[in-house]
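I opened my notebook to keep track of what I looked up, one entry at a time. Here is the structure I had on screen.

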Amino acid sequence: MKHAKDQLPFPVFGRRDARENGSPKRERERAQEGQESTVRRNGRRTAGTALMAGMLVFFYLPIVYMVIFSFNDGKSLTNFTGFSLRWYKHMLESHTMMESLYTTFSVALIATAVSTVVGTIAAIGLSKSKKIVQDVMEQVNNLPMMNPEIVTAIGFMLLFITFRVEKGYVTMLLAHIAFCIPYVMLSVMPKIRSLDPNLADAAMDLGATPYRALTKVIVPQIMPGIVSGALIAFTMSIDDFIISYFVTGGGVKNLSITVYTMSKRVNPSINAISTLVVVIITLVLVLINVAPVVMAKRQKKAEISRRRLAGPACALACVLVAVAVFAQFGGGGASRPYEGQTLHIYNWGEYTGEHILNDFEEKTGATVVMENFESNEQMYIKVANGEAYDILVPSDYMIQRLIQEGYLQKLDQSKLTCLDKLTDAVRGLPYDPDNEYSIPYFWGTVGIVYDTTKVDREDLEREGFDIFRDQKYRGDIYLYDSERDSFMMALKALGYSMNTDNMQELEEAYAWLVDCVQTMEPEIVTDEIIDNMAQGRKALGLIYSGDACYVISENEDMGYYLPESGTNIWSDAMVIPANAKNPELAHEFINFASDYEGAYDNSSFVGYTSANEEVMDALYGAGGDYEGIDAYVPRSDNPKDEVFDYNEDTRKVIANLWSKVKIVASNAE
Amino acid sequence: MKRFSQLALPYIAWAVMMLILPMGLIALYSFTEQGNTIISFTITLEHYARFFTDPDFLIVLWRSFLIAAKTTVVCLLLGYPVAYFISRSSEKTQNLLVLAITIPMWINMLVRTYAWIGLLSEGGLIQRLLGLFGLGGGELLYTEGAVMLGMVYNFLPFMVLQINTSLCKMDHSLLEASADLGANPRQTFLRVTLPMSLPGVINGITLVFLPAVSSFFIPKLLGGGQYFLIGNLIENQFITVGEWNFGSAISMIMAVIMMLLMMAVRRIEVRNSGGKGGA
């Protein structure tokens, strides 16, 4: 890859060379142009300027838009309702966000430092190696650059899992170092090649040790290459998403991962943290580009290599200060029972109250690290691959599976204070008859959320789930991206049990779903449905009862309907995995989240039905947040309603078929 | 100087571990049955067979390449004039413009993509602007157009900067020579400037096409849950479905196709630059 230098994503330094030897000629050339007719030249100039201006608007519009809306008082991303700093406050209070910022910068700095040093040494070594070694290594280094990033990412993930390295900060750092080194070498190599090969020999003939020859003679000569290599490494690391996403674990997230997992629901604090990043990056870049100019003016004869170092050095200092400031947020407090310990929770996204985690930290002195999943299946894969959490919040059938496969530990009943607070409907359910393993968290149904101004109640009553195939509502529906719930809907619509293991029935359900996605132009979403339905963007959607509660409490026009053909009564419960590192603290949290205060905060904030009977009554009763909203109280009088039963064979069939349904939907467009 | 060559040894060991081994593992997974351990496994071709016998998977693959190709063409059509304009402006302006295009690249890609959600969503700025011209009404977010816009937005700077670099490297006395020999500006552009900038164009195409074809968060954020590209297919296999062997097979297929494409592109480039390679 001889021209590889051109591919460097960092343009500023490469540009500088071109400029240095191009400008006098350009003067002459400009004189030539003067012979052209002035009118034509002006015309072209204007067109060019307009194009350039358009391009800059295109590049900066989203960024400016984001900065403006980070100051929006309301939650909307489209209507500016007034100036406020509340999202910044929200951001500063959010552990996840501040820690992800810290992770992003610290990983980038360490990875840059290590990869610059290692890459430079390796490049010097390679330049003196045999030709064949050089060629082979060049190809090897090309692997992460020429492969699609997702392939590289999966390679790292398989590597760490195969060798049982616990995924987290260290694995992320290792992966970053691994993909940064080739970029450093790529930018150092040409500088080494252009060196006089006898330089080091000469130094050593004059009495220098090899080490001194290296540090005093070779390194200073190739400094520009090293600096630009370091900058490229930093850029690559700070912007990385795909590789980090696949190799991280244990709740360690960088900024990209945080944005990716939070983007499902409208959350203007993403704008706030993005604005912060924009400000930091702009400052760094301006410093890099302005500092050398200022320095040059001050001492005109300063050495080039030193001048080039000044910018990045300033920038690095700035970033360090910023990181140090953010690191403060990890600080501790007075002595409390679990001071300095950490609780790792793996929970659904948007599934905890506003204050509960902070209150728990306040009370115990422990730090809570929460990671979110979108589906039980996604959670299972991580747990089965040995990631250690202290608490999981899976659904019924998944708990059954986890118990069967030995991934959970029995709860220590002597430490639990919450059993008698549970409502009868969720106590001792078939998946865990004696609540030996699990304490219910939320429960509810799956139903249809609909816009009462657009949907005929009669249609709903007549068609049930078949309304999702009614052409009247074509292009106006949301499906939920969950294999279980989608097949439940189809099976119930066809009049079968949702726990069927009859292949014929499953095939029919598959055909039902394929017909739906091919003829109805649905959007298949997850949590996006909540904000979108609250804004009345579509007429119908398959939804969990708790999300429906939230939607209805935000928008009175919305209703919730449970088809007579039956639905899924589900419950999600807190369990402690067998490999939990801090079961003691986990029990403490289970009690805390089941108590009136914790459970009230959870349920009132997210809208799901609490497993705590008192909380349920308070919220549904007079004056409660969900007073009179039927979706809040799950139906108990329809014999066709079912609870999921775990069956490994049908799970596989359903997972594959649903994956196919989504592909068909995608191809149908 | 043998002494210095030993400096490379630790890195060679590291590279074997961190760069070669992962690729080997993907290959191993892709050829073995689900549920095997690293110690005992059964070789199989079923994952490849499954991919190539199912038209739906092939359509996804085809569509991924199609949208990446469209994105690349748009980037080229927009990027070339911009790069040309930059290379023709004064030195100071050049610096500023290059910086202006670089800054967004430093801001996290996810953040930049997320920013489009607000702009494109219903009642958002873009829709309102289109409404002023009587073009409103249609949905913008969660369409193929939105996905392409996201890709162009994220990858266009690569194209502009690559072309600009090669335009700036050009020896300007060639232009004078061309004019002296009686070529008009258009002839000069077509016969001199364009061919000379070809290495930049090809690098730009590579840098846009490669990430576009395998991207999965842009389709997910701007295309919605039902918009599947090959990257989403792979992510889905690893994160949600849990069939890593099949996922590895898809990764291998993609890696091999991309490698072949790259080699083809390199060949074109070598031919065009008279066998001398690029820079």
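Is the crossing of α6(A) and α2(B) left-handed or right-handed? I found that it is left-handed. My reminder on the word: a crossing is left-handed if the near helix is turned anticlockwise from the far one by less than a right angle, and right-handed if clockwise.

**Ground rules.** I'm looking at a predicted model, where local features need pLDDT of at least 70 and side-chain atom pairs count only at pLDDT 80 or more, while totals for chains, interfaces and linings use all residues. Residues are numbered from 1 along each chain as its sequence is written, and chains are lettered from A and ligands numbered from 1 in the order in which they are written.

Entry: I looked up α6 (residues 131-146) of chain A and α2 (residues 9-30) of chain B, and they pack at about 50 degrees with their axes 10 Å apart. Helices here are DSSP runs of H or I with at least four residues, strands are runs of E with at least two, and both are numbered from the N terminus. Axes are lines fitted to C-alpha atoms, for helices over the stretch in contact, and angles run from 0 to 180 degrees between N-to-C directions. α6(A) and α2(B) are therefore oblique to each other. The cut-offs: under 35 degrees is roughly parallel, over 145 roughly antiparallel, 65 to 115 roughly perpendicular, and the rest oblique.

Who touches whom? From α6(A) I noted Met137(A), Val140(A), Leu143(A) and Pro144(A), and from α2(B) Ile12(B), Ala15(B), Leu19(B), Ile20(B) and Met23(B). Contact means that the C-beta atoms, placed from the backbone, lie within 7 Å. For the classes, Ala, Val, Leu, Ile, Met, Phe, Trp, Tyr, Cys and Pro count as nonpolar, Asp, Glu, Lys and Arg as charged, and the others, Gly among them, as polar.

**Entry: the whole interface.** I then zoomed out: 97 residues of chain A are in contact with 103 residues of chain B. Helix α3 (residues 38-69) of chain A gives the most to chain A's side, with 11 residues. That side of chain A has 51 nonpolar, 25 polar and 21 charged residues.

**Entry: chain B by itself.** I looked up its secondary structure and got 14 helices and zero strands. Its C-alpha trace spans about 75 × 70 × 35 Å along the principal axes. Of its 279 residues, 50% count as buried. Buried means 20 or more other C-beta atoms within 10 Å of a residue's own, exposed means 12 or fewer, and partly exposed is in between; C-beta atoms are placed from the backbone.

Entry: α25 (residues 596-606) and α26 (residues 613-620) of chain A pack at about 45 degrees, axes 9 Å apart. That makes α25(A) oblique to α26(A). I noted a right-handed crossing for α25(A) and α26(A).

**Entry: two strands.** Seven bridges join β1 (residues 342-348) of chain A to β2(A), and the strands run parallel. Five of the seven residues of β2 (residues 367-373) of chain A are buried, so β2(A) is largely enclosed by the rest of the structure.

**Entry: one glycine.** Gly464(A) sits in the loop between α19 (457-463) and β5 (477-480) of chain A. Gly464(A) counts as buried, with 21 C-beta neighbours inside 10 Å.

Key
Contact = placed C-beta atoms within 7 Å. Pairing = 2+ DSSP bridges.
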